[in-house]
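I opened the model to look up its strands and how they pair. My notes follow in the order I took them.

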Amino acid sequence: MKYHRLYEIVPEFVDEIPGLDTEPGKLYIRIGEKYTFLKHLCACGCGGQAVMQLGTPEEHGWTMIYDGSHISIHPSIGMTNHECQSHYFIEKNKILWLRPFSSDPSIFDFAVLGNTIQDKVDHR
Ligand SMILES: [Zn+2]
């Protein structure tokens, strides 16, 4: 499935994580008793699937902040297993693009990101 590069994603809480019927621009969240999984299609438009699990940094998990309508995910999402090497933050439903994961990871595109993300990167 081809679609345009996305700058926004909308959270959707589900009982079952979708398979082939995953739609672009949606971040599916399945809250389980033990584990919470998130799935979305890569925001670049390549159709790559990203499945993430909430957890501590030690568990290589992500943290989710949901305010009732907007979602933020930390740390950033890197599509390292895909050709596109896309790398972005999800911050309050917005896709904030970073340089590709394969390029120098120490160089973030602060000009695009602004101070909000720079603060978070500095504190990691
Ligand atoms: Zn991609």
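I took helices (H or I, at least four residues) and strands (E, at least two) as DSSP runs, numbered from the N terminus. I called two strands paired if DSSP finds at least two bridges between them.

**Ground rules.** This is a predicted model, where local features need pLDDT of at least 70, side-chain atom pairs count only at pLDDT 80 or more, and totals for chains, interfaces and linings use all residues. Residues are numbered from 1 along each chain as its sequence is written.

**Overview.** Read from the N terminus, the order is β-β-β-β-β-β-β-β-α. I then checked burial, with a residue buried if 20 or more other C-beta atoms lie within 10 Å of its own (exposed if 12 or fewer, partly exposed in between; C-beta atoms placed from the backbone). Of the 124 residues, 17% count as buried. For contacts I used C-beta atoms, placed from the backbone, within 7 Å. Among contacts between residues at least 6 apart in sequence, 29% join residues at least 24 apart.

**Sheet 1-2-3-4.** Four strands form an open sheet in this order, and the pairing is mixed. Strand 1 (10–13) and strand 4 are the edges; each has a single partner strand, so one side of each is left without a neighbour in the sheet. The twist averages 20 degrees from one strand to the next. Angles here run from 0 to 180 degrees between N-to-C directions, with axes as lines fitted to C-alpha atoms (for helices, over the stretch in contact).

I went through the pairs in turn. Strand 1 and strand 2 run parallel, joined by four bridges. Glu 12 has Tyr 28 in strand 2 as its bridge partner. Strand 2 (residues 26–31) and strand 3 (residues 36–41) run antiparallel, with four bridges. A hairpin of four residues links these two strands. Ile 31 stands opposite Thr 36 in strand 3. Strand 3 pairs antiparallel with strand 4 (residues 49–53) over five bridges. There, Lys 39 has Val 51 in strand 4 as its bridge partner.

**Sheet 5-6-7-8.** This open sheet also has four strands, and the pairing is antiparallel. Which strands stand at the edges? They are strand 5 (63–66) and strand 8 (94–97), each with a single partner strand, so one side of each is left without a neighbour in the sheet. Neighbouring strands are turned by 25 degrees against each other on average, direction ignored. I looked at one pair inside: strand 6 (residues 71–78) and strand 7 (residues 87–91) are antiparallel over three bridges. Ile 73 stands opposite Ile 90 in strand 7.

How values were computed:
Two residues are in contact if their C-beta atoms, placed from the backbone, lie within 7 Å.
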